[in-house]
Structures are given as structure tokens and as C-alpha cells.
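Student: Hi, I've got a new structure to look at and could use a guide. Can you walk me through it?

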Amino acid sequence: MNISIHRHRDVTVIEVSGTLDSAKSVEFATTLDLVLAEGVNHVLIDFSELIYISSAGLRVIAVALKRIRKSGGELVLCGLKDDRRRIFELTGFTKVIKTFDNKQDALQLWSASDE
Amino acid sequence: MVLGNGRFPVELGSVSRAIDFVVSTCSNYGIEVQSLSNLLLACDELLTNVCVHGYPAATREAFVNLTIDFDGDFVSVCLEDTGLHFSPTDLDPDCNFSLDSLVIGGVGLYLVLKLLDHFEHYERGNRNINILKSHASRKNTAQPTDPRTGL
């Protein structure tokens, strides 16, 4: 698994690639903790290059989502493909979190609200 | 055709190594890794379950055996352990999850039952045997290669 973080205006973009297995979800949680500790309100997780995500990884997203919403922010996902999208649908995630086909579409969410 | 066998100590650190083993073994045989996401997820969840719940904390020298097969359309992974007997098929497959329940966790085995093309669990003697099967795509190659002979 590789995680890279960059900023697009006031959006923190976290790109996660490879296999997000149970053990690596600890690193993923630490990354999100650090990002949220900075007080950012707009987080986009890009899963375009994700091979799979374990239930431990899903739990990390659920925890981060609750935390950021408590402070008035929002976390969204993009780039989920085929089987990976189905995992988020089966677990009900797609009912509680916004998902976008790609990064450009996701960033529109906040650029539209800035105007 | 058996693509590979592995033996992994029952500890959480083995989960990543076992997943990497499945990925590299299948990849070496020309199978598209992107088509294995459901199978890898299921392996991860079952291995994690064995590591966390399968053995008393004081147990030493416990291992999970992993065998990978490919029949041209489906990749199968057989996981064998000697831990406490537990059948994932006893779970209720119709769960409704909320954000609060996702925070608590527990969706892993539900996903195993939902995502695989075939899942089988049985006990033989003191062994738990889990067979996971999922459709897989192979990259275009002129001839299939037997990993044992290279032919």
C-alpha cells in the first residue's frame, strides 16, 4: 500500500493505492488522524489505484467520517471501481458517504460551494 | 492446477505476507491482480479472524496453510488451520449496517459470504478448512505456463 497526500486549494487529497489489508489499516488510520488533527474540513480519499480494502480499512473511514462531521467538515471518496464499489454498497457506506467517479468530479463539490 | 503453497505463522503480521504471496503467485501466472480484489479481501478477513480469535493467547507455533489453484476461469485459495472451530456460514448474511455499526466493525465475514463466487467451510479432524473461489481474468498470453515446470 502507498499513501500520498496533497492539497488542492482547501481540500486535502489522500491517494491510497495497492492492498489496504488489516495490518496496513493501522497506517491508514494514523494518516487520517494526522490529517484531521490539522483541523482540515474537506478530505477526499482517492481509491483509483486501490486493489482491495479490508473491513478494518472500512472501519477507519467510518471513524474518520464521524469525526470530521462532528467538526462540520466532510469526507468523500472517488475512484472506486467495480468490485471495490460493491463493497461500499453492500456495507451501506454509499448511503452515508458521497462517492465520485474521479477526482475532478469530487473536487467540483467544494469548488462549487466556494463560488 | 496448483499455483503455489505457503505456510504462515498465526500472527497479524502474516496477513500482509500471505496477501502478497497470493498477489505475486497469481501475477506470475499472468492473472490480473485487479480481478482478485474480492478473493484478496476474503483471504484477509479469514486470516485476520484466525489470528485474532482462532487460538488462545498463549499458543505457540501455530500456522495457517495456504494453497492457490487456478482452473482457467477461477482462482481458489484453500486456508487450513487447527484453531478453534468456527464456521463463517453460521452468520446471518442479511445485515443492515449503519455508520455507527461500521465504526464498531464486524462486517468482514459478512463480505466473505457476499463477495465470493463460492465459499466452503468444513472441519476435518482438528483442522478448519476454508475454500474461497473467485473468477479471475488472465492477461493475454500465448500459452499457459505451468508454474512447477515452466512449460
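Tutor: Let's go through helix packing, cysteines, aromatic rings and one serine.
This is a predicted model, where local features need pLDDT of at least 70, side-chain atom pairs count only at pLDDT 80 or more, and totals for chains, interfaces and linings use all residues. Residues are numbered from 1 along each chain as its sequence is written, chains are lettered from A and ligands numbered from 1 in the order in which they are written, and side-chain values use heavy atoms, without hydrogens and water.

Student: How do the axes of helix α3 of chain A and helix α2 of chain B cross?

Tutor: Helix α3(A), residues 82-90, and helix α2(B), residues 37-53, have axes that come within 9 Å and cross at roughly 50°. That makes α3(A) oblique to α2(B). Angles under 35 degrees count as roughly parallel, over 145 as roughly antiparallel, 65 to 115 as roughly perpendicular and the rest as oblique.

Student: Which residues meet there?

Tutor: On the α3(A) side, Asp83(A), Arg84(A) and Ile87(A); on the α2(B) side, Ser37(B), Asn38(B) and Leu41(B). Contact means heavy atoms within 4.5 Å.

Student: New topic. How many disulfides are there over all chains?

Tutor: Zero, over all chains, where a disulfide is a pair of cysteine sulfur atoms within 2.5 Å.

Student: Is Cys43(B) buried or exposed?

Tutor: Buried, with a relative accessible area of 0%. Cys51(B) counts as buried too, at 18%. Buried means under 20% relative accessible area, exposed over 50%, partly exposed in between (1.4 Å probe, protein chains only).

Student: What about aromatic pairs, how many over all chains?

Tutor: Five. In one of them, Phe47(A) and Phe88(A) are tilted, 6.2 Å centre to centre with 40° between the planes. Phe47(A) sits in the loop between β3 and β4 of chain A and Phe88(A) in helix α3 of chain A, so the pair ties together parts 41 residues apart in sequence. Rings of Phe, Tyr and Trp (its six-membered ring) pair if their centres lie within 6.5 Å; planes under 30 degrees apart count as stacked, over 60 as edge-to-face and the rest as tilted.

Student: Last one: where does Ser76(B) lie?

Tutor: In strand β3 of chain B, residues 74-81. Helices (H or I, at least four residues) and strands (E, at least two) are DSSP runs, numbered from the N terminus.

Terms used
Axes fitted to C-alpha atoms, helices over the stretch in contact; angles between N-to-C directions.
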